[in-house]
Amino acid sequence: MATIRLTPTDGWTTCSLGHRHWGRAGAAGLLVHRDGGDGPELLLQHRALWSHHGGTWGTPGGALHVDETPEQGALREVEEELGLAAADLVLGARSVDDHGGWAYTTVLARPVGDLDPSRLRLDGESTGVAWVPLAALHQVALHPGLAASMDRLRPLLAA
């Protein structure tokens, strides 16, 4: 398991809506997607039980560091959590879930080539990773933040 190094922006904060969030400077995650036989497929990680909303399926992501763009943070997190390098991905659109004083940015990306989940290096924050068809999302326990963002993300996946 990799050593976790905390930064000054790691920690809990409360937004103006009264929700508790990880990442004092906001957070970002990477939604890797590809075209599947029956429509878009999403590369999702199964979150370790000890993590926030553990046992759910979501995107690799986490707290932004000081002066880090959402794209930089999302790429850093996907490399830390899944071992995917920036060169393995092409960044696309982004979607911001603004809670007033705190925001989570989902950055969309496509793999450069064939991406086999069994070859990814998990760092302990997740127990698995898989391609999940968009049409089958209702069959998995989604991270609540991802579930709440899907109405905004679906059109971006189709673009």
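Two strands count as paired if DSSP finds at least two bridges between them. The legends below describe close-up views of a predicted model.

View 1. Strand E3 covers residues 27–36, and strand E4 covers residues 39–47. The two strands run antiparallel and are joined by five bridges. Two residues lie between E3 and E4, and the pair forms a hairpin. Gly36 has Gly39 of E4 as its bridge partner.

View 2. Strand E9, residues 126–133, is antiparallel to E4 and is joined to E4 by seven bridges. Arg47 stands opposite Ser126 of E9. Strand E5, residues 57–58, also pairs with E4 in the antiparallel sense, over two bridges. The bridge partner of His46 in E5 is Trp57.

View 3. Gln45 is located in strand E4. Gln45 counts as buried because its relative accessibility is 1%, and buried means under 20%. The Gln45 side chain makes a polar contact with the side chain of Glu81, at 3.3 Å. Leaving aside residues up to four places away in sequence, Gln45 touches a set of residues that includes Thr56, Trp57, Gly58, Thr59, Pro60 and Gly61. Also among the residues touched by Gln45 are Glu81, Leu82, Ser126, Gly128 and Val129.

**View 4. The largest nonpolar core.** This core has 17 residues. Those with the most contacts inside the core are Leu30, Val32, Leu43, Leu84, Leu89, Leu115 and Leu120. At least two core residues each come from strand E3, helix H1 (70–82), strand E8 (103–111) and strand E9. H1 gives the largest share, four residues.

**View 5. Leu115 and its contacts.** Leu115 is one of the residues with the most contacts inside the largest nonpolar core. Not counting residues up to four places away in sequence, Leu115 touches Val32, Arg34, Leu43, Leu84, Leu120 and Trp131.

Definitions and conventions: Residues are numbered from 1 along each chain as its sequence is written. This is a predicted model: local features need pLDDT of at least 70, side-chain atom pairs count only at pLDDT 80 or more; totals for chains, interfaces and linings use all residues. Side-chain values use heavy atoms; hydrogens and water are left out. A nonpolar core is a set of buried Ala, Val, Leu, Ile, Met, Phe, Trp, Tyr and Cys residues joined through side-chain atoms within 4.5 Å. Buried means under 20% relative accessible area, exposed over 50%, partly exposed in between (1.4 Å probe, protein chains only). Contact means heavy atoms within 4.5 Å. A polar contact is a pair of N or O atoms within 3.5 Å; within protein, one must be able to donate a hydrogen and the other to accept it, and residues adjacent in sequence count only if both atoms are side-chain atoms.
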